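Hi there,

Here is the structure I promised to pass on.

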There are 2 protein chains.
Amino acid sequence: MTTSTDKNQHIYQLRELIKDIGCSMLTTVDEDGSLHSRPMEKSSDIQPDGTLWFFTNASSHKVFEIEHRQQVNLSFSSPNQKRYVSVSGSAELVQDRNKMQELWKPELQAWFPQGLNEPDIALLKVQINKVDYWDSQANFAAQTISL
Amino acid sequence: MTTSTDKNQHIYQLRELIKDIGCSMLTTVDEDGSLHSRPMEKSSDIQPDGTLWFFTNASSHKVFEIEHRQQVNLSFSSPNQKRYVSVSGSAELVQDRNKMQELWKPELQAWFPQGLNEPDIALLKVQINKVDYWDSQANFAAQTISL
């Protein structure tokens with residue numbers, strides 16, 4: 001059983017693991033079963049409820065894929081630190097202007113040049129279920145964190 | 001239609017994109033539909049037939065997943081170059097000692113301390129179908145290469 005104290009510790013541990021890795025690759029499954037990934041700049045730290053949030057275009061193909069199949073993977077790679085993190089979770093589209101204003105940060109301008117004025121801008125919320133990670137400190141043996 | 005000259009050019013282009021990124025994240029789908037990824041050190045450049053090869057343990061869970069569902073994604077991230085590459089393909093296990101000897105390189109020792117003497121060592125062959133990439137040169141607009 002995962003207690004709430006365990007969960008808080010696990011979220012803290014995961015936050016530390018990915019804090020220096022701004023951009024992850026989000027993998028989704030398409031209608032024909034093929035797997036696609038694309039870079040996603042995280043818009044905040046992991047929230048206390050174990051969610052990660054990203055800005056997206058609401059009409060993008062990945063949103064179509066997620067509406068048909070919620071399960072996704074986020075991979076965080078830091079070649080310099082030799083650290084690799086796999087986050088398994090489920091994703092959903094959230095169109096909430098207040099949440100967007102709360103999460104917006106200037107680094108996202110590279111992907112959304114008009115910022116919050118982009119006509120199609122929305123949020124993707126990923127509920128984290130399981131994390132596996134590998135780094136040189138643990139001699140590349142797989143470590144697991146369950147939320 | 002993709003001609004063989006096109007294919008050669010596309011393979012060359014992809015090789016250039018990922019030549020400085022040794023370690024990718026391989027995403028597979030588990031029986032319950034959840035998506036997992038793990039780091040995979042590429043053992044060679046992309047082959048002329050559009051395949052990428054990796055060393056693996058034959059009894060690892062990812063091999064079990066691939067036997068049930070061949071479609072995978074490989075993501076290559078280079079935060080320093082601001083380059084992100086998604087490779088969609090299908091994977092299969094190959095247990096061929098000659099091919100292993102051909103592909104072995106010392107950098108793989110971090111993952112396989114006993115080298116080719118690891119009792120469970122085998123190869124994973126990924127046939128590449130489609131590549132999407134993003135980099136700062138193209139202002140992060142998605143670019144696609146079909147093989």
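**What I found**

A:Glu67 lies in helix 2 of chain A, the helix that covers residues 61–68. Please keep in mind as you read that this is a predicted model. With a relative accessible area of 59%, A:Glu67 is exposed, because exposed here means over 50%. A:Glu92 sits 25 residues from A:Glu67 along the sequence, and their C-alpha atoms are 7.3 Å apart in space.

**Chain A as a whole**

Stepping back from that residue, chain A has 3 helices and 7 strands. Their order along the sequence is α-β-β-β-α-β-β-α-β-β. The radius of gyration of chain A is 15 Å, close to the 15 Å that the globule rule gives for 147 residues, so chain A is as compact as a globular protein of that length.

Of its 147 residues, 52% count as buried. Taking the contacts between residues at least 6 apart in sequence, 63% join residues that are at least 24 apart. The accessible surface of chain A is about 6,800 Å², and carbon and sulfur atoms account for 43% of that surface. As for charge, chain A carries 14 positive and 19 negative side chains, with the centres of the two sets 5 Å apart.

**A buried serine**

Next, a residue from the inside of chain A. Is A:Ser24 buried or exposed? Its relative accessibility is 0%, and buried means under 20%, so A:Ser24 counts as buried. A:Ser24 belongs to strand 1 of chain A, which runs over residues 23–29. Leaving aside residues up to four places away in sequence, A:Ser24 touches A:Arg38, A:Pro39, A:Met40, A:Phe54, A:Leu74, A:Ser75 and A:Phe76.

**Where the chains meet**

The contact between the two chains draws 32 residues from chain A and 32 residues from chain B. About 2,500 Å² is buried between chain A and chain B, and 60% of this area comes from carbon and sulfur atoms. Which residues of chain A lose the most area to chain B? They are A:Met25, A:Leu35 and A:Tyr84, which together give 21% of what that side buries.

**Backbone angles to look at**

Most residues other than glycine have a negative phi. Against that background, A:Lys82 has a positive phi, near 50 degrees, and is not a glycine. A:Lys82 is placed in the loop between strand 4 (71–78) and strand 5 (83–94) of chain A. At 45% relative accessibility, A:Lys82 counts as partly exposed.

In chain B, B:Lys82 also has a positive phi, of about 50 degrees, although it is not a glycine. B:Lys82 is found in the loop between strand 4 (71–78) and strand 5 (83–94) of chain B, and with a relative accessibility of 45% B:Lys82 counts as partly exposed.

**One more loop in chain B**

Finally, B:Ser59 lies in the loop that joins strand 3 (51–57) and helix 2 (61–68) of chain B. B:Ser59 has a relative accessibility of 61% and counts as exposed. B:Val29 is 30 residues from B:Ser59 along the chain, and their C-alpha atoms are separated by 16 Å.

Best wishes

Definitions and conventions:
Residues are numbered from 1 along each chain as its sequence is written. Chains are lettered from A and ligands numbered from 1 in the order in which they are written. This is a predicted model: local features need pLDDT of at least 70, side-chain atom pairs count only at pLDDT 80 or more; totals for chains, interfaces and linings use all residues. Side-chain values use heavy atoms; hydrogens and water are left out. Helices (H or I, at least four residues) and strands (E, at least two) are DSSP runs, numbered from the N terminus. The radius of gyration is taken over C-alpha atoms; the globule rule is 2.2 Å times the number of residues to the power 0.38. Buried means under 20% relative accessible area, exposed over 50%, partly exposed in between (1.4 Å probe, protein chains only). Contact means heavy atoms within 4.5 Å. Accessible areas come from the Shrake-Rupley method with a 1.4 Å probe; for residues, only the protein chains shown count as cover. Lys and Arg count as positive and Asp and Glu as negative; His and the chain ends are not counted. The place of a charge is taken as NZ of Lys, CZ of Arg, CG of Asp or CD of Glu. Buried area is the accessible area (1.4 Å probe) that two parts lose on being put together, summed over both.
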